[in-house]
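Biologist: I would like to learn how to read a protein structure. Could we go through one, feature by feature?

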Amino acid sequence: MTVSGVELESPADRAGLREGDVIREINRKLVRSVEDYERLVRGLSPKQRAFLLIIRGKAMVFLSIKPE
């Protein structure tokens, strides 16, 4: 799933997520579609960190997003 925008000063922004990044995994679970992304995000507890594997250009990057 390609990130279409990141809200300024959001947890995702503070973690370094950028517009154009491609989210491949959330907490080691494959993201193949927007539906997968939404299901996985809904399954997070309010204080649970999300560990993302993203593709940025030719690089693979891991990010840890801490909820507010």
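Modeller: We can start with one residue and its contacts. Leaving out residues up to four places away in sequence, V61 touches L52, L53, I54 and R56. Keep in mind that this is a predicted model.

Biologist: In which element does V61 lie?

Modeller: V61 lies in strand 4, which covers residues 59-65.

Biologist: How do I read the overall size?

Modeller: One way is to compare the radius of gyration with what a compact globule would have. For 68 residues that value would be near 11 Å, and the protein has 11 Å, so the two agree. Another way is a box along the principal axes; here the C-alpha atoms fill one of roughly 30 × 25 × 20 Å.

Biologist: What does the surface look like in numbers?

Modeller: The accessible surface of the protein comes to about 5000 Å². Carbon and sulfur atoms account for 52% of that surface. Of the 68 residues, 25% are buried.

Biologist: Is D36 buried or exposed?

Modeller: The cut-off for buried is under 20% relative accessible area. D36 has 14% relative accessibility, so D36 counts as buried. This residue is found in helix 2. Setting aside residues up to four places away in sequence, D36 touches L30 and V31.

Biologist: And what about E19, buried or exposed?

Modeller: Exposed means over 50%. E19 has a relative accessible area of 62%, and is therefore exposed. Its place is in the loop between helix 1 and strand 1.

Biologist: Which residues does E19 touch, not counting residues up to four places away in sequence?

Modeller: E19 touches V3, S4, G5 and V6. One of these, S4, is found in the segment before helix 1. S4 counts as exposed because its relative accessibility is 66%.

Biologist: How do I read distances between residues that are separated along the chain?

Modeller: Take the C-alpha atoms of both residues and compare the distance with the separation in sequence. S4 and D21 are 17 residues apart along the chain, and their C-alpha atoms are separated by 8.3 Å. E19 and E38 are 19 residues apart along the chain, with 17 Å between their C-alpha atoms.

Biologist: Where is R49 found, and which residues does it touch beyond four places away in sequence?

Modeller: R49 is found in the loop between helix 2 and strand 3. Not counting residues up to four places away in sequence, R49 touches N27, L44, S64, I65, K66 and P67. The C-alpha atoms of R49 and N27 are separated by 8.7 Å, at 22 residues apart along the chain. At 38% relative accessibility, R49 counts as partly exposed.

Biologist: How do I read the backbone angle phi?

Modeller: Most residues other than glycine have a negative phi. E9 is not a glycine, yet it has a positive phi of about 70°. E9 lies in the segment before helix 1, and is exposed, with a relative accessible area of 51%.

Biologist: What is the phi of R28?

Modeller: R28 has a positive phi of about 65°, although it is not a glycine. R28 is found in the loop between strand 1 and strand 2, and counts as exposed at 77% relative accessibility.

Biologist: How much space lies in the largest pocket?

Modeller: About 460 Å³. When reading a pocket, look at its lining next. Here the lining has 24 residues, and A12, L17, Y37, V41 and I65 lie nearest the centre of the pocket.

How values were computed: Residues are numbered from 1 along each chain as its sequence is written. This is a predicted model: local features need pLDDT of at least 70, side-chain atom pairs count only at pLDDT 80 or more; totals for chains, interfaces and linings use all residues. Side-chain values use heavy atoms; hydrogens and water are left out. On a 1 Å grid over the protein atoms alone, a cavity is a set of points where a 1.4 Å probe fits but cannot get out, and a pocket is an open set with protein on both sides within 12 Å along at least five of seven lines; lining residues have an atom within 4 Å of a point. Grid points are joined across faces, edges and corners, and a volume is the space filled by probe spheres set on the points. Helices (H or I, at least four residues) and strands (E, at least two) are DSSP runs, numbered from the N terminus. Buried means under 20% relative accessible area, exposed over 50%, partly exposed in between (1.4 Å probe, protein chains only). Contact means heavy atoms within 4.5 Å. The radius of gyration is taken over C-alpha atoms; the globule rule is 2.2 Å times the number of residues to the power 0.38. Accessible areas come from the Shrake-Rupley method with a 1.4 Å probe; for residues, only the protein chains shown count as cover.
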